Amino acid sequence: MKVIITVAEAMERNIWPDIMKLFGRDAEEEMWPGEEFILTEDQARRLGLLH
């Protein structure tokens with residue numbers, strides 16, 4: 001299973017710093033609120049998105 005999360009959703013869930021680390025993103029980069037990131041099931045579980 002793959003889980004898709006947007007920048008805005010990650011910010012709302014307070015996991016945006018973790019998403020940036022997972023994808024090698026920098027806080028200085030410009031990103032749109034609707035930009036999507038695809039997580040594996042394991043990544044989503046570690047971030048607390050799946051139980």
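**Figure 1. Burial across the chain in the predicted model.** Of the 51 residues of the chain, 29% count as buried. The model shown here, and in the views that follow, is predicted. The accessible surface of the chain amounts to about 3,700 Å², and carbon and sulfur atoms contribute 51% of that area.

**Figure 2. Order of the elements and overall dimensions.** The chain contains three helices and two strands, which follow one another from the N terminus in the order β-α-α-β-α. Among contacts with a separation of 6 or more, 58% join residues 24 or more positions apart.

Figure 3. Ile-19 belongs to helix α2, which comprises residues 16-22. Its relative accessibility is 0%, and Ile-19 therefore counts as buried, the cut-off being under 20%. When residues up to four places away in sequence are set aside, Ile-19 touches Ile-5, Ala-10, Phe-37, Leu-39 and Leu-47.

Figure 4. Thr-6 is part of strand β1, formed by residues 2-6. Is this residue buried or exposed? Thr-6 counts as buried because its relative accessibility is 16%, and the limit for burial is under 20%. Apart from neighbours within four places in sequence, the contacts of Thr-6 are Pro-33, Gly-34, Glu-35 and Glu-36.

**Figure 5. Asn-14 in the loop between two helices.** Asn-14 is located in the loop that lies between α1 (7-12) and α2. The phi angle of Asn-14 is near 60°, a positive value in a residue other than glycine. With a relative accessibility of 65%, Asn-14 counts as exposed, since the threshold for that class is over 50%.

**Figure 6. Charges of the chain.** The chain carries 6 positive and 11 negative charges. The mean position of the positive charges and that of the negative charges are 9 Å apart.

Note on methods. Residues numbered from 1 in each chain as written. Predicted model: local features only at pLDDT ≥ 70, side-chain atom pairs only at ≥ 80, totals over all residues. Heavy atoms only, no water. Helix = DSSP H or I, 4+ residues; strand = E, 2+ residues; numbered from the N terminus. Buried < 20%, exposed > 50% of the residue type's maximum accessible area, 1.4 Å probe, protein only. Contact = heavy atoms within 4.5 Å. Areas by Shrake-Rupley, 256 points an atom, 1.4 Å probe, with all protein chains shown as cover. Lys, Arg positive; Asp, Glu negative; His and termini not counted. Charge placed at Lys NZ, Arg CZ, Asp CG, Glu CD.
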